[in-house]
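Subject: Handing over a structure

Dear colleague,

I am passing on the structure below, and after it you will find notes on what turned up when I went through it. Please read them with the model open beside you.

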Amino acid sequence: MNPLTRSKNTIILPVLIALTLICFGLSPTTRAVDPPLDGGYPHGNTAEGEDALFSLTTGFGNTATGFDALFSIIDLGTLGGTYSAGQAINNRGQVVGESYTTSGELHAFLWQDGTMIDLGTLGGTYSSARGINERGQVVGSNTIGSGESRAFLWQNGVLTDLGTLGGPSIGSTANAINNQGQVVGASGTSTGELHAFLWQDGIMTDLGVLSGTFSSAQSINEHGQIVGFGEGYSFIWQHGTMTNLISGRFAIPYDINDRGQVVGEAEIDPGTADRAFLLQGDTLTDLGTLGGESSIAQSINNRGQVVGVSETARKKVVHAFLWQGGTMADLGTLGRNFSNAEAINDRGQIAGFSETASGDFHAVLWTK
């Protein structure tokens, strides 16, 4: 598979969910399984059925557990279709992501103050928003009229094509943007390889690879530190140099905060399922799970709060989590068996998506 057809939301939970590695969003049929309603939470506290949305937005009957059981989970709706997913959030509470439209196309959206707006495309039929900064600048991937993929920057209603590293047939995608307007992602090169890039002020810089022919930049902080991965390695790029981030094990970093803390997924012990990790300096911490074998950390804020997705103790049930102070809490769902926390801001607001009581998948905002 071309890496540019993959999602950044890697969830290696093979029995439960088929999300692939980077860049482009996938249809909801590949994002999660669709098991039947089966109940079985403690005290019947499933919030399944017709009262699911009320129960979860009010906190009554919430499926969440632990210290975050009083989190409200708000359904952000869609652009007219049956699927949407929140993928990034800034400190102003603006959420960006992707949604099916009424016509069935997948488009990037910006949600704020209860309204979801379509960010459109650069002439194609697909777009997906992956990052947003405090200035409201949005980045992601989309297709142009020829069907080729392009990283984009959206600002004040205008979409800008960020170009490529010389490889139009492979294209490019943007995964994150900081407050300086520095954008990172992956792009095809003139030789047909796929390389991590840094885009700033109209110039796209090739960050190279440590080995092989592939690399992708996943996140950038306010100090310009960039994390990503390639063929068999994870990396950090800083001061013009790419170096190995976690040696000797499979690992994919997804986010880095301004304190240099990194989160992602890693094979903590050889031959075991991937687990959410927090890397601080040389210390790699296993964040655990919600009772299952696998978990993935997808975002960390500057307070050290981590969000992601984990298998639970119940078969075929995958839930979003919030980790802080050594404790992982279940954030619950909109009524059925799946939720995924993609991003957290410094106010503790969390963006992601969840299976609804009707079996659709909708973008959500968790907030206290």
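Which residues touch the most other members of the largest nonpolar core? They are Y83, L194, F338, F353 and F361, in a core of 17 residues, where a nonpolar core is a set of buried Ala, Val, Leu, Ile, Met, Phe, Trp, Tyr and Cys residues joined through side-chain atoms within 4.5 Å. Two or more residues of this core come from each of β4 (80-89) and β20 (251-256). In soluble globular proteins, nonpolar side chains tend to be buried together.

Before going further, please note that this is a predicted model, in which local features need pLDDT of at least 70 and side-chain atom pairs count only at pLDDT 80 or more, while totals for chains, interfaces and linings use all residues. Residues are numbered from 1 along each chain as its sequence is written, and side-chain values use heavy atoms, with hydrogens and water left out.

The protein has two helices and 30 strands, which are DSSP runs numbered from the N terminus (helices H or I, at least four residues; strands E, at least two). Of its 368 residues, 60% count as buried, that is, under 20% relative accessible area, against over 50% for exposed and in between for partly exposed (1.4 Å probe, protein chains only).

Six bridges join β4 to the antiparallel strand β5 (residues 95-101), and S84 stands opposite S99 in β5; two strands are taken to pair if DSSP finds at least two bridges between them. Five residues lie between the strands of this hairpin, in which G93 takes a positive phi near 80°.

Elsewhere, four strands form an open antiparallel sheet in the order β16-β17-β18-β19. Its edge strands, each pairing on one side only, are β16 (215-220) and β19 (241-244). Within this sheet, β18 (residues 233-238) pairs with β19 in the antiparallel sense over four bridges, and the bridge partner of F235 in β19 is N244.

Finally, E355 in strand β29 (residues 350-356) is buried, with a relative accessible area of 0%, and its side chain reaches the backbone nitrogen of N337 at 3.2 Å.

With best wishes

Notes: A polar contact is a pair of N or O atoms within 3.5 Å; within protein, one must be able to donate a hydrogen and the other to accept it, and residues adjacent in sequence count only if both atoms are side-chain atoms.
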